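Hi,

Here is the structure I promised to pass on. Have a look at it first, then read my notes below.

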Amino acid sequence: MHPGKRKRKNASAMKLVGKLVAVFRRAAGLTRTQLADLVGHQVETIASIEQGRRALLPDLAAKLDERLDTKGALKEAVAHMPEIDLIPAWAEEYLDLEREALALSWYDNQVLPGLLQTKNYARAVFDSRVPTFSREEIDTHIGTRLKRQEILRREVPPTTSFVISEAIVRDRLGGDEVYRETLHHLRECADLPGISLQVMPLGRTSHAGLDGPFILLETPDYQRVAYTETQRGSQLISNPDEISILAQRYAMLRTQALNADETQSLLDRLLGEL
């Protein structure tokens, strides 16, 4: 089953908000297409929200309130949704957003971003898991991870920026052969259209990403969301204030990291040392 099609537990509040959108839209005498045009979003987005398949984010809720003259009802409903509806326990909703993203900004300090991993590197990542996965589970996870990477090679790829720690680049996860393959793969990815790859060098005296990795994402409807992972869970963040903080941090990380040319030179140097 497609990850985005799984039935999510405790999604009743999300479905209720979607029903409210549909009721208010019909009361205003609008079709989904007309409402989508009024708020500058895609028809599929409105349909997914009304059907309870996609969370209504705060900025769109405010636009709908204005266009439907609902006096802030939808914005208040979103603000008081149970946390589980706004912040899924795992990554299913993020993966749906990633597939359609216009832009991605990704900071990682422990492991290569999934979009940059080779098959063998991904296997080393899943082999390192404690408690261990079965062979079948590992193969399934690797297949899913590699499938995600197709967005980088589509006809119009998302504009994607990666800032990764130099420790990741120098780590030999999986052994020497995997390390060599990974460096070659990163060097190739650095030349792909729409990709900016920057390495955060070791030995810095200041660092904007000490709180850990995160991803900023822009949807086809120009909404911004953020995604973070912890040891035992994940957060999909839609609060504009929180996203602003992460965007400021990412901007600072890009100034602190090696630029794209310097990063390519580092990779070339490491490859030359093999």
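**Strands, a cavity and confidence**

In β6, S234 is the bridge partner of E229. Strand β5 (residues 224-230) and β6 run antiparallel, joined by five bridges; two strands pair if DSSP finds at least two bridges between them. Strands here are DSSP runs (E, at least two residues) and helices are too (H or I, at least four), numbered from the N terminus.

This is a predicted model, where local features need pLDDT of at least 70, side-chain atom pairs count only at pLDDT 80 or more, and totals for chains, interfaces and linings use all residues. Residues are numbered from 1 along each chain as its sequence is written, and side-chain values use heavy atoms, leaving out hydrogens and water.

Why is strand β6 largely enclosed by the rest of the structure? Because four of its five residues (233-237) are buried, meaning under 20% relative accessible area with a 1.4 Å probe, protein chains only.

α11 (176-189) gives the most to its lining, with five residues.

As for confidence, the chain averages a pLDDT (the predictor's confidence in each residue, from 0 to 100) of 88, and 92% of the residues score at least 70.

Cheers

How values were computed:
Buried means under 20% relative accessible area, exposed over 50%, partly exposed in between (1.4 Å probe, protein chains only).
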